[in-house]
Amino acid sequence: MALILGIESSCDETAAAVIDGNGTTLAARIVAQRIASQDEAHRPYGGVVPEIAARAHVEVLGPMVEAVLADAGMTLDDVDAIAATAGPGLIGGVMVGLVTAKALAMAADKPLVAVNHLEGHALSPRLADPSLQYPYLLLLVSGGHCQILEVAGVGQYRRLATTIDDALGEAFDKTAKILGLGYPGGPAVERLAREGNPKAVPLPRPLVGSGEPHFSFAGLKSAVMRAKDAQRTFLRQAQDERSEANPETQNPARPEPVEGRQPYSDADIAASFQQAALDCVIDRTRIALATAAPGMTALVVAGGVAANAALRGALEALAAEHGLPLVAPPPKLCTDNAAMIGWAGAERFALGYTDPLDVAARPRWPL
Ligand code: KG4
Ligand code: ZN
């Protein structure tokens with residue numbers, strides 16, 4: 001392995017990192033990394049606007065690459081290869097990162113490694129935990145993907161499960177939108193859920209009990225929407241009844257019961273949603289563990305939603321049931337970053353995989 005400059009720009013994070021593939025600890029492997037989130041730019045729209053994202057990557061990436069090399073005390077001449085996300089993702093952003101990497105590779109006469117963003121997530125647990133060996137069972141949960149894969153080596157992935165509609169992160173983001181928590185939604189839902197009762201709102205667990213380990217979250221999202229509507233109706237009626245009885249009571253912070261009908265708060269909706277979603281994930285992953293090839297060394301979780309502490313706790317218990325360790329990267333390596341792209345680049349480069357300078361950016365690219 002070697003020193004790799006990694007670049008990530010497939011969604012709303014612009015990131016660059018220098019990775020030492022020979023490092024034996026996480027700290028030694030990440031020589032330097034920088035990340036710029038575009039959350040502020042997209043917040044008014046409640047989601048990522050591709051055109052805004054691409055323009056922001058253009059503005060930020062060049063200076064960021066210079067800065068991260070300076071942080072590492074290096075110049076481009078010192079790195080052995082340049083790795084960039086070549087897909088899947090928002091194509092404008094992917095092109096910005098990939099074209100930048102191609103230009104640097106050409107200027108410095110260095111090899112280019114085109115990295116699949118999902119492979120970045122899939123191998124990130126090996127960056128974080130040097131003892132993690134192939135093969136492992138991977139739950140990959142992000143804003144765009146929700147899959148269970150056997151990871152037998154670099155480029156050796158067997159998909160056991162995928163989602164038939166929404167990704168898990170998407171379900172968190174939509175729930176956040178329904179509850180008016182803004183963007184990005186996952187961390188906000190997790191925070192609010194801590195204050196709520198996970199049993200307050202009855203919500204469906206789509207596909208739980210089915211023999212194939214696939215996922216579905218669209219029905220759960222619709223149920224969250226209906227729960228929010230029911231809460232609004234309840235509050236309106238309660239308000240009407242109260243102001244008839246006592247015109248001075250306005251907008252109580254916490255809804256109160258009216259004639260035995262129990263109201264629930266937004267925190268209750270968040271907690272109930274999170275519980276339902278996690279119940280689905282645990283049930284599906286249990287099926288996958290039962291159907292996976294023998295010899296898995298660990299249950300591994302990666303992708304943005306792997307930052308969720310409740311999910312990590314539930315998976316830990318599931319892994320223990322099967323006598324396996326749970327390996328989860330630190331939360332900062334779960335959400336999009338360039339260290340994972342540099343690391344995947346290092347693993348590929350060590351096996352001799354490099355790409356021609358005319359390699360294409362791909363909006364879709366299954367593992
Ligand atoms: O991997 P990632 O950064 O980007 C994609 O490749 O999609 O994942 C982003 C997703 C978003 O849907 C975000 O809401 C979710 O991960 N996420 C979380 C948490 N942190 C990020 N979901 C639940 N709980 C969290 N703490
Ligand atoms: Zn991602």
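1. Let's start with Gly6: its bridge partner in strand E4 is Ala83. Strand E1 (residues 3-8) and E4 pair in the parallel sense over four bridges; two strands pair if DSSP finds at least two bridges between them. Helices (H or I, at least four residues) and strands (E, at least two) are DSSP runs, numbered from the N terminus.

2. A word on what you are looking at: this is a predicted model, in which local features need pLDDT of at least 70 and side-chain atom pairs count only at pLDDT 80 or more, while totals for chains, interfaces and linings use all residues. Residues are numbered from 1 along each chain as its sequence is written, and chains are lettered from A and ligands numbered from 1 in the order in which they are written.

3. Is strand E4 (residues 81-87) enclosed or open? Seven of its seven residues are buried, so E4 is largely enclosed by the rest of the structure. Here, buried means that 20 or more other C-beta atoms lie within 10 Å of the residue's own, with C-beta atoms placed from the backbone.

4. E4 also runs parallel to strand E5 (residues 112-116), joined by five bridges. The bridge partner of Gly87 in E5 is Asn116. With helix H4 (residues 91-108), E4 and E5 make a right-handed β-α-β unit: with the strands pointing away from the viewer, the path from the first strand over the helix to the second runs clockwise.

5. For "binding site", an unreviewed UniProt entry lists His117, His121 and Asp336; such annotations may be inferred rather than shown by experiment. These residues span 220 residues in sequence, yet no two of their C-alpha atoms are more than 8.9 Å apart, so they gather at one spot. His117 is found in helix H5 (residues 117-128) and is buried, with 27 other C-beta atoms within 10 Å.

6. Now to ligand 1. Domain 1 (3-129 + 333-350) and domain 2 (136-219 + 266-328) both give residues to the shell around ligand 1, so the ligand lies between them. The domain bounds come from an automatic or database domain assignment.

7. Of the 19 residues around ligand 1, Gly143, Gly169, Gly186, Gly304 and Asn308 come nearest; a residue counts as near if its C-beta atom, placed from the backbone, lies within 6 Å. Helix H6 (168-178) and helix H7 (185-193) are the elements that give two or more residues to this shell, and H7 gives the most, with four residues.

8. Finally, an open sheet of five strands has the order E8-E7-E6-E9-E10, with mixed pairing. Its edge strands are E8 (156-161) and E10 (326-327), each pairing on one side only.

Definitions and conventions. Buried ≥ 20, exposed ≤ 12 C-beta atoms within 10 Å, placed from the backbone.
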